[in-house]
There are 2 protein chains.
Amino acid sequence: MAGEALGKDIGKDFGKPRQLDFPRPLTTVDVVIFAIRDDSLRVLLVQRPAGEGEPFPHAWALPGGFVDVAKDRDLAACAARKLREKTGVTSPYLEQLGSWGSATRDPRGWSATHAYFALIPDQGGELASDARWFPLPGGRLKDKLAFDHGDILATAIQRLRNKVEYTSLPAYLMPAEFTLPDLQRVYEIVLDRPLEKSAFRTRILSADMIEPVAKMRRGPNRPAQLYRLKKGRAPVYFVRTFNPPE
Amino acid sequence: MAGEALGKDIGKDFGKPRQLDFPRPLTTVDVVIFAIRDDSLRVLLVQRPAGEGEPFPHAWALPGGFVDVAKDRDLAACAARKLREKTGVTSPYLEQLGSWGSATRDPRGWSATHAYFALIPDQGGELASDARWFPLPGGRLKDKLAFDHGDILATAIQRLRNKVEYTSLPAYLMPAEFTLPDLQRVYEIVLDRPLEKSAFRTRILSADMIEPVAKMRRGPNRPAQLYRLKKGRAPVYFVRTFNPPE
DNA sequence: ATGCTTAGTTGTACAGTCCAACTTACTTAG
DNA sequence: CTAAGTAAGTTGGACTGTACAACTAAGCAT
C-alpha cells in the first residue's frame, strides 16, 4: 500500500524515480496539552491500546498519531485535529515545540514525530475514557511514558516555564474572565515560585493585553476587578524576565 | 523498494502489519547555516541539481536532503552530517528550528522537513562549487528559494534576531579570538541597529562567558583586548533584552 | 607637539523590579 | 454597631542595569 502510493506519486510527475526509491521513516504528530486544574498544572495523556503489534501497550502517552496524507493538509492542521478530537477545543494557543526522530524511538522502525504544545483553559467537561489529566511535576511520570514522550514532555515544560518568565502565555490558560490575582496565581503555579504582587500588576497592566469588564469578583473580602483578554491579542513579550531565583 | 523496506520492518517485529500499511510522507532535514562575512550576516545556500525529476532545478535552496534511515541515527546527527559535508565544521552551535510539512511543499508528494539552524565562524576557505554565501537581508531572495525554504529562512532570521536580544548566541559567530568591539559589531549586524557601548560591555563582561587572552589587537589606534569564549560555555541568557527600538 | 581615531571608563538619568508597609473594601463574630 | 480578619490594591524607598553623553587612554600620522 505504502509502496503503491509512492509509486503513483513518482510515476505521475517524474520520469526517473530512483531518487525516491528508499525506505521512509514513519511520520507522526504529538501534542502536549497543558491546562490548569485544581490549582495545578496538568498535562493530558492517553493510554496506549493493547492490540497485537501495538508498541507500549497500556502505557500513557501524548495524544498523537500518524500523519494522514489524505486528510491532513499540513502539520499544524494535523496537530489541531488531534487537539480537537481529544478536548473539543478549537482555537487554543498552539505552538510547535520541535521534532524528535531516530532509529530507535519507535520499535516499529525509524520514526520522526512533530511535537506541538497547546495551552487551553480548564474545560471542566468529561474526557474520553482513555484520557486523563496528570498533575505536574509528575514524579516518576517522565520515566513511564511511551516512546520518548517523557523527553518531549520535559522539553515542553521547560519551554513553557522559560517563556512564562517573559511572555503573557499564561493568559491562554485562563477562563474567559479572571482577576489579576488569579492570573498571578497561574504564573506562580507554572513557575513554582511566588511573584511580587506590585511588580506583577504593573507589568501586566502596562502590557495592554487585558481589559476590565464591568464586574467584580465578590468573595469573603475585598472584591477584585474582573478582566478579559483583549480580542485577537498576540502573546506579549516583556523586555525583562521576572528576576529569576538566585 | 520503499514498500519492501516497509514490509521488512513490519514483518520482523510484529504480526499484524495493518496499522502501518499506508503511505508515508517524505522526510528531510534542512540546515540554515549563518556566518558573518565581510561585515554582513550571510546564509549558505546550494543550487538545486537539474536532473530529470528534480524539483526546482537550478533554484537556490537550503543545504539538506532526505534522512537516510541506514546512516542517520537521529535527526540531529543527520543535520550535523549535512553541515559537516558542506562546511567542514564539526562543533558548531546547532539548534533545532522547527519543522515544515504539508501536501504541497514538495511536488514529489506529502513531505516534512526538520529544519536546524547553525552558527559558525567565518571559515575563509573555499566552498563546494554549488554552494554560495548570500548576504542578508536578501532582497527578493526569499521569493526565489526552492520549496518553502524562503519561509524557513525567514523564520530562522527572526529566531536569530529575537534570541540575540537576550542571549550570547553571536559568540558562536566569532573567530577563536576577538575583541569586545568586534563582538558588539556582530550584535549590531544581526540586530541591524547600533548598541550602547558601555551597557554592552557591562552585560558581556558580567556574564562570565569570555576570558581575556594575554594579547592585544594592534591597529592604527588604541589597541584592544583580545578575548576568547570560555570552554564548554553554554549560551548565556540575560534577564533583560537590549532596549528595543521605539 | 598636535590632531585623529578607536578603546575603554565614568557619571547622571531613568525604567522597572524587589521588598515592605500601607490603605481599602468586604465578611463575619460578638 | 463595632472589631477583627482577609484579600485587593497602592505607595515609596532600595537596587539593578540600560540610555545617554562626556570623558580619559593609547596608539598612529603629520
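This is a predicted model: local features need pLDDT of at least 70, side-chain atom pairs count only at pLDDT 80 or more; totals for chains, interfaces and linings use all residues.
Student: What is the bridge partner of Thr179(B) in β10(B)?
Tutor: The partner of Thr179(B) there is Leu226(B). Strands here are DSSP runs of E with at least two residues, helices are runs of H or I with at least four, and both are numbered from the N terminus. Residues are numbered from 1 along each chain as its sequence is written, chains are lettered from A and ligands numbered from 1 in the order in which they are written, and side-chain values use heavy atoms, with hydrogens and water left out.

Student: Thanks! How many bridges link β8(B) and β10(B)?
Tutor: There are 2 bridges between β8(B) and β10(B), residues 224–229, and the sense is antiparallel. Two strands count as paired if DSSP finds at least two bridges between them.

Student: And which strands sit at the edges of that sheet?
Tutor: The sheet in chain B is open, with 3 strands in the order β8-β10-β9. Its edge strands are β8 (178–179) and β9 (210–217), each pairing on one side only.

Student: Over to chain A, then. What order do the strands of the open sheet take there?
Tutor: In chain A the order is β8-β10-β9, with antiparallel pairing. β8 (178–179) and β9 (210–217) each have a single partner strand, so one side of each lacks a neighbour in the sheet. β9(A) is joined to β10(A), residues 224–229, by 5 bridges, and Met216(A) has Gln225(A) as its bridge partner in β10(A).

Student: New topic: helices. At what angle do α4(A) and α5(A) cross?
Tutor: Roughly 135 degrees, and the axes of α4(A) (residues 149–164) and α5(A) (residues 180–191) come within 9 Å. Axes are lines fitted to C-alpha atoms, for helices over the stretch in contact, and angles run from 0 to 180 degrees between N-to-C directions. The two helices are therefore oblique to each other; angles under 35 degrees count as roughly parallel, over 145 as roughly antiparallel, 65 to 115 as roughly perpendicular, and the rest as oblique.

Student: Which residues make the contact?
Tutor: α4(A) brings Leu160(A), Arg161(A) and Val164(A), while α5(A) brings Tyr187(A), Val190(A) and Leu191(A). Contact means heavy atoms within 4.5 Å.

Student: How does α5(A) pack on α6(A)?
Tutor: At an angle of about 105 degrees, with the axes 11 Å apart; α6(A) covers residues 197–205. That makes the pair roughly perpendicular. Among the residues that meet are Leu183(A) and Tyr187(A) from α5(A), and Phe200(A) and Ile204(A) from α6(A).

Student: What about Asp192(A), is it buried or exposed?
Tutor: Asp192(A) is exposed, at 58% relative accessibility. The classes are buried under 20% relative accessible area, exposed over 50%, and partly exposed in between, using a 1.4 Å probe and protein chains only. Asp192(A) is in the loop between α5 and α6 of chain A and has a positive phi of about 60 degrees, although it is not a glycine.

Student: Last one: where is Thr28(B)?
Tutor: Thr28(B) belongs to strand β1 of chain B, residues 26–37. Thr28(B) is buried, with a relative accessible area of 10%. Leaving aside neighbours within four places in sequence, its contacts include Phe66(B), Arg105(B) and His114(B).
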